[in-house]
Amino acid sequence: MVKKQTLLLIAGIVWAVAGINILRIGIVSCLQTSLTIINFFLLLLVFISFATMFVRIVKKHKRRILGYSEKLQHFLKFFNIPSYILMFCMMGLGIGLRQFANLPTIFFSVFYTGLGAALFLAGLLFIVEWLKTKK
């Protein structure tokens, strides 16, 4: 059992680590191909799209976590059931794309770099929210 505020830190660490892992795949792919200006703007579009969605998710989870009436919570409650399902689906899709889809390296450089950066940003936002509760 952990303080409910600690769930924000746990979420931040989980999201940031996931972001770093996906970002690493994207950067390695970027190094294997030439990133054109069009691809760079596509990367930014991917980042902005996911970052917009993830900022809303961070706010939603923050409200849910801080809204718990009990001060102590199980450490896995940083996510709710739909979020765990979404996480496993996204992981499965990502693994499936890399293993079975014959996609060009540029796809992974653009998509994974944008997605990974957005996930990492969400992790940082959770950590910032946790720090706010420490004041």
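The model is predicted; local features need pLDDT of at least 70, side-chain atom pairs count only at pLDDT 80 or more, and totals for chains, interfaces and linings use all residues. Residues are numbered from 1 along each chain as its sequence is written, and side-chain values use heavy atoms, with hydrogens and water left out.

**Exercise 1. Helix 2**

Task: Find how far helix 2 reaches from its first C-alpha to its last, and what covers its buried residues.

Solution: 
- Step 1. Locate the helix. Helices are DSSP runs of H or I with at least four residues, numbered from the N terminus. Helix 2 covers residues 37-66, 30 residues in total.
- Step 2. Check the span. The expected value is 1.5 Å times one less than the number of residues. Helix 2 reaches 42 Å, close to the expected 44 Å.
- Step 3. Pick out buried residues (under 20% relative accessible area; exposed is over 50%, partly exposed in between; 1.4 Å probe, protein chains only). Among them are Leu43, Phe50, Phe54, His61 and Arg64.
- Step 4. Look for the cover, using contact (heavy atoms within 4.5 Å). The cover includes helix 1 (4-31), helix 3 (81-100) and helix 4 (105-133).

**Exercise 2. The largest pocket**

Task: Describe the lining of the largest pocket by helix and by class.

Solution: 
- Step 1. Define the pocket. On a 1 Å grid over the protein atoms alone, a pocket is an open set of points where a 1.4 Å probe fits, with protein on both sides within 12 Å along at least five of seven lines; lining residues have an atom within 4 Å of a point.
- Step 2. Take the size. The volume is about 720 Å³, counted as the space filled by probe spheres set on the points.
- Step 3. Sort by helix. Helices 1, 2, 3 and 4 each supply at least two lining residues. Helix 3 gives the largest share, 11 residues.
- Step 4. Sort the 29 lining residues by class. The lining has 21 nonpolar, five polar and three charged residues.
- Step 5. Find the centre. Ala18, Met87, Met90, Met91 and Leu119 lie nearest.

**Exercise 3. Salt bridges**

Task: Trace the network that links Lys62, Glu129 and Lys132.

Solution: 
- Step 1. Apply the rule: a side-chain nitrogen of Lys or Arg within 4 Å of a carboxyl oxygen of Asp or Glu. The count is two.
- Step 2. Take Lys62 and Glu129. Their closest N and O atoms are 3.5 Å apart. Lys62 is in helix 2 and Glu129 in helix 4, 67 residues apart.
- Step 3. Take Glu129 and Lys132. Their N to O distance is 3.4 Å. Both lie in helix 4, about one turn apart.
- Step 4. Lys62 is partly exposed at 24% relative accessibility. Glu129 is buried at 16%.

How values were computed:
Ala, Val, Leu, Ile, Met, Phe, Trp, Tyr, Cys and Pro count as nonpolar, Asp, Glu, Lys and Arg as charged, and the others, Gly among them, as polar.
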